[in-house]
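Please consult the sequence and structure shown here while reading.

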Amino acid sequence: MKVRVFVLILLMIVNTEVAVTCYASEKNLPQVSSKSAIAIEWMTGKILFRKNEDLKLPMASTTKIMTAILVLENCDVNKEIEIPPQAVGVQGSSMYLEKGEKLKIIDLLYGLMLSSGNDAAVALAIVTAGDVKKFVNLMNKKAKELGLSNTVFSSPHGLEQGQHYTTAHDLALLTAYAMKNPIFRQIVKTTEKEVPWTTRPYNRILRNKNKMLRLYPGAEGVKTGFTKKAGRCLVTSACRDDFRVICVVLNAQDMWNDTRKILDYSYRNFKVLKFPPGEIGYVKVNNGKMGWVKVGTTHQKYWVVDSDCFPRIDVLIQPLDAPVEKNKVIGMVNVYLKSEKQIIPIVTLQECDRKSLWDRMRERLFGKRMRQKQI
């Protein structure tokens, strides 16, 4: 039999923010110049804003997000390498690598993401996979692994060399994945970095081209991009009160203002609510050596909700008879909002043995004596 535990309901409402997904009104959607755009919450992938989000378009140097995460996952960033000759004099944006230079991979990653160095992209591709073609194969393989079904790469830097396209949605999902890497996050939020210039008597000063770091409160980077074919592209991550939004605009006339409008809309109309793991109370155990055991949840639940949405919470729990195992599911928290329902299991956080015959005899004996003394 299941019983309702109203004390636990109160504890949940007071101590925990809980809700399920609902949708903001589309009446106040911002008007943007971008041919394609999207904003998602990074953990759930929930779409907060969309405009032609599945339209296949070239993405210019935002390609380097994939390049960076592949290098981070396959290389020792503190390894020093000699710059391969193929990476010297690559057209387009550059960190100005020179023949005979020796740099650490981490320095090249800063050159890739801050200065948008096409030369750094070639150097990193070669050191990771042996040559650029093999690295591009790795890029496309990774895209498939991540479920980016509308993405094809032909270069590690974004200069089109054949089929080279993505969608705003795919690029947002890739960025959300990359932002889970702490080194990636540290790189893209850096506004200025000094790295060696081993063929000269002074160091390089790399400056981040992403002006959102200065223009928007909570902005964390990620990458700008431009070619004549792709137009102006921008991928941005912003985080406020543990609410991280990934925004992508492709082929935008005004990528800075488009991004600002989309992020403002997202933070105005949505919020993140969490149900954290941990102890939520005690439940009585019949015939247990301990009269009560701690109960709680072991997994964090995480929802993105409309800014004015609030849940109804029910807690159902089973009576407990000893013996009780740790992590035994004994009930659930039901979270309701409109027609949706989310279930969070309640488990025991400690074990409890059954009383032995001696335990019961001792209780009766000493319990009787204590009652006599009180009389």
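Predicted model: local features only at pLDDT ≥ 70, side-chain atom pairs only at ≥ 80, totals over all residues.

The phi angle of Asn327 is near 65 degrees, a positive value in a residue other than glycine.

Ser116 likewise is not a glycine and has a positive phi, of about 60 degrees. Its place is the loop between helix 3 and helix 4, the latter spanning residues 118-129. Is Ser116 buried or exposed? Ser116 has a relative accessible area of 3% and is therefore buried.

## A cis peptide bond

The loop between strand 16 (320-321) and strand 17 (329-337) also holds Pro323. The peptide bond that joins Ala322 to Pro323 is cis, with omega about 0 degrees.

## The packing of helix 2 and helix 3

Helix 2 comprises residues 64-74 and helix 3 comprises residues 105-113. The two pack with their axes 10 Å apart, at an angle of about 170 degrees. Because of that angle, helix 2 is roughly antiparallel to helix 3; the cut-off for this description is an angle over 145 degrees. The crossing of helix 2 past helix 3 is left-handed.

Which residues meet where these helices pack? From helix 2 come Lys64, Ile65, Thr67, Ala68, Val71 and Leu72, and from helix 3 come Ile105, Leu109, Leu112 and Met113. Sorted by class, this contact has eight nonpolar residues, one polar residue and one charged residue.

## Nonpolar cores

In soluble globular proteins, nonpolar side chains tend to be buried together. In this model, the largest nonpolar core has 89 residues. Ile65, Leu108, Leu109, Met113 and Phe184 are those with the most contacts inside that core. Among them, Ile65, Leu109 and Met113 also take part in the contact between helix 2 and helix 3.

Met113 has contacts with residues beyond its neighbours within four places in sequence. Lys64, Ile65 and Ala68 are among these partners, and each of the three belongs to helix 2.

Notes:
Residues numbered from 1 in each chain as written. Heavy atoms only, no water. Axes fitted to C-alpha atoms, helices over the stretch in contact; angles between N-to-C directions. Helix = DSSP H or I, 4+ residues; strand = E, 2+ residues; numbered from the N terminus. Parallel < 35°, antiparallel > 145°, perpendicular 65-115°, else oblique. Left-handed = near helix turned anticlockwise from the far one by under 90°. Contact = heavy atoms within 4.5 Å. Nonpolar A, V, L, I, M, F, W, Y, C, P; charged D, E, K, R; others polar. Core = buried A, V, L, I, M, F, W, Y, C linked by side-chain atoms within 4.5 Å. Buried < 20%, exposed > 50% of the residue type's maximum accessible area, 1.4 Å probe, protein only.
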